[in-house]
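Hi there,

Here is the structure I promised to send over. Have a look at it first, and then read on for what turned up.

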Amino acid sequence: MTGSDDPAEFRLAYVPGATPAKWVRIWRERLPSIPLTLVAVETPESADLVASGGAEAGLLRMPVDKTRFNAIPLYAETTVVVVPKDHLITAADEVTLADLADEIVLHPLDDPFEWEQLPGKPAFERPATTADAVELVAAGIGVLIVPQSLARLHHRKDLTYRPVGDAPESRMGLVWPAGDTSDLVEQFIGIVRGRTVNSSRGQSPAEVEAARARSGRGKQGAGGKGSSKGSSGKAGAGAPKGGSAKGSARGGAGKGAAKSGGSSAGARRGKPRRKG
């Protein structure tokens, strides 16, 4: 890992349909003094953005070039066909590619699938984007096969979709440049994998803050108000157990101090009895 190379913020690219909100929330709880900036990017440009340093990592559609990137597969999406609400396909709960043989299937330039053979009949020309293809579906020009997240993203009241049982899946992954993995990328890997702050993998938030301080960037955030929040008992997930002010108070004043406190209280209570 290369903590000294970490920037003052963590930039996370994401393609249309990706849902980083949960992981972003956890990041901000654990590392409140290190901003996480979301960078929206279209699928065709996403790999080049991460490779060029426009983002430290990205939630991108797989596969990616393994010679250029490290990647962790995250999940696969259901594939659906988008059709007008009055289309005959809507009579079925699920369809197959064979059911689309007589349909004009639109194939936008940002299509996330790698088809061995395109289904249905080809359109006269390829739409530039998925959004453009959805407009053509609404106009009755053809149908569109997409990951379910994109069908939801481009939802229209006059359109609906059905699962395509034998279509390829679109897989989402966490992607970052090949080579050394920075401390901040390690932190995000831990979050998406569900590691706790006490996990033996990677660095604790306090160690990440220290690395940033040593690099000469973000010293105020590493030792100021934001860091105090990140390591306080109130933040909970922001610091390891026993490392917070509240945790230390409970640990020190709980068992050890309770004994001395109890004996002192007993001595105070004993004086009136001896006088009596």
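To start with a question: is the crossing of H1 and H5 right-handed or left-handed? Please keep in mind that this is a predicted model. The crossing of these two helices is right-handed. H1 covers residues 21-30, and H5 covers residues 183-192. Their axes lie 10 Å apart, and the helices pack at an angle of about 125°, which makes H1 oblique to H5.

From H1 come Trp 23, Ile 26, Trp 27 and Arg 30, and from H5 come Leu 184, Gln 187, Phe 188, Ile 191 and Val 192. By class, this contact has 7 nonpolar, 1 polar and 1 charged residues.

Now for the sheet. It is open, has 5 strands in the order S2-S1-S3-S10-S4, and its pairing is mixed. At the edges are S2 (36-40) and S4 (69-77), each of which pairs on one side only. From one strand to the next, the twist averages 20°.

H1 lies across S1, S2, S3 and S4 and runs at about 160° to S2. H2 (residues 43-51) lies across S1, S2, S3, S4 and S10 (170-177), running at about 155° to S3.

Methods
Residues are numbered from 1 along each chain as its sequence is written. This is a predicted model: local features need pLDDT of at least 70, side-chain atom pairs count only at pLDDT 80 or more; totals for chains, interfaces and linings use all residues. Side-chain values use heavy atoms; hydrogens and water are left out. Two strands pair if DSSP finds at least two bridges between them. Helices (H or I, at least four residues) and strands (E, at least two) are DSSP runs, numbered from the N terminus. Axes are lines fitted to C-alpha atoms, for helices over the stretch in contact, and angles run from 0 to 180 degrees between N-to-C directions. Contact means heavy atoms within 4.5 Å. Angles under 35 degrees count as roughly parallel, over 145 as roughly antiparallel, 65 to 115 as roughly perpendicular and the rest as oblique. A crossing is left-handed if the near helix is turned anticlockwise from the far one by less than a right angle, and right-handed if clockwise. Ala, Val, Leu, Ile, Met, Phe, Trp, Tyr, Cys and Pro count as nonpolar, Asp, Glu, Lys and Arg as charged, and the others, Gly among them, as polar.
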